[in-house]
Amino acid sequence: MAFDILNKPTLSRIPNTTKRLLDIGCGVGWLGREIKQRINCNIVGVTISEAEAAEASKYLDEVIIADLNELDTSGLGKFDCILCCHVLEHLYWPENLLRRLRNNLTTEGLLVVALPNILFFKHRLAFLRGRFRYVDYTAIDIHHFRFFDWQSARALLEESGYKVIESVGDGYFPLPHIR
């Protein structure tokens, strides 16, 4: 089953000056399609699914079918922006991929990462009630091998050789006076 979602906060962080973008875990290419409508750039997508690749090929300039756990990035070239939108949590060792991708960024290149927060308040409430249930397309999706909070997400990036220049949460917490 092909799954994709348009992540608007991630989309807003793609620099308008991007000429070449690598979309890691591109899914069916919906985010790439939206980027191309806003920015005149070349987009290379990577997905493990042949069905997703067939759909993504309608929108992206090139789609590579590969297991990201073993992706050889050496032949991909340089990119102004590399996008990892809700994909790193699906990898056994995301830091290995992130380290390899450093060689694919231009000098002024930007890595944009979106990760689900396992400590989102709804999950915390469920944990407090003694419930841990896998729920598809959430932070606790059964296909996630890794789970992140603010600190572990930052540590993942910094230990992989990146400098975090912005951290933004998407979502909400009820009772704004407590926030």
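This is a predicted model: local features need pLDDT of at least 70, side-chain atom pairs count only at pLDDT 80 or more; totals for chains, interfaces and linings use all residues.

1. L22 is buried, at a relative accessible area of 0%; buried here means under 20% relative accessible area, exposed means over 50%, and partly exposed covers the range in between (1.4 Å probe, protein chains only). The residue belongs to strand β1, which spans residues 20–24. Strands are DSSP runs of E with at least two residues, helices are runs of H or I with at least four, and both are numbered from the N terminus.

2. Beyond residues up to four places away in sequence, L22 touches V44, V46, L76, F79, C81, I82, L83 and L101. Contact is defined as heavy atoms within 4.5 Å.

3. Residues are numbered from 1 along each chain as its sequence is written, and side-chain values use heavy atoms, with hydrogens and water left out.

4. I14 is located in the loop between α1 (8–11) and β1. Is this residue buried or exposed? I14 counts as buried, at 4% relative accessibility. Leaving aside neighbours within four places in sequence, its contacts are L21, I35, I39, C81, L83 and V112. For I14 and I35, which are 21 residues apart along the chain, the C-alpha atoms are separated by 7.9 Å.

5. W30 lies in helix α2, residues 30–38. This tryptophan is partly exposed, with a relative accessible area of 34%. Between W30 and K58 there are 28 residues in sequence and 9.8 Å in space, C-alpha to C-alpha.

6. H86 deserves a check of its backbone: its phi is near 50°, a positive value in a residue other than glycine. The residue is found in the loop between β4 (79–85) and α4. H86 is partly exposed, with a relative accessible area of 32%.

7. Helix α4 (residues 94–101) packs with helix α6 (residues 150–159) at an angle of about 45°, and their axes are 9 Å apart. Axes are lines fitted to C-alpha atoms, for helices over the stretch in contact, and angles run from 0 to 180 degrees between N-to-C directions. The two helices are therefore oblique to each other; angles under 35 degrees count as roughly parallel, over 145 as roughly antiparallel, 65 to 115 as roughly perpendicular, and the rest as oblique.

8. Which residues make the contact between α4 and α6? On α4 they are P94, E95, L98 and R99, and on α6 they are L156, L157 and E159. These residues divide into four nonpolar, no polar and three charged. Ala, Val, Leu, Ile, Met, Phe, Trp, Tyr, Cys and Pro count as nonpolar, Asp, Glu, Lys and Arg as charged, and the others, Gly among them, as polar.

9. For the chain overall, six helices and five strands are assigned, in the order α-β-α-β-α-β-β-α-β-α-α along the sequence. Of its 179 residues, 40% count as buried. Among contacts between residues at least 6 apart in sequence, 63% join residues at least 24 apart.
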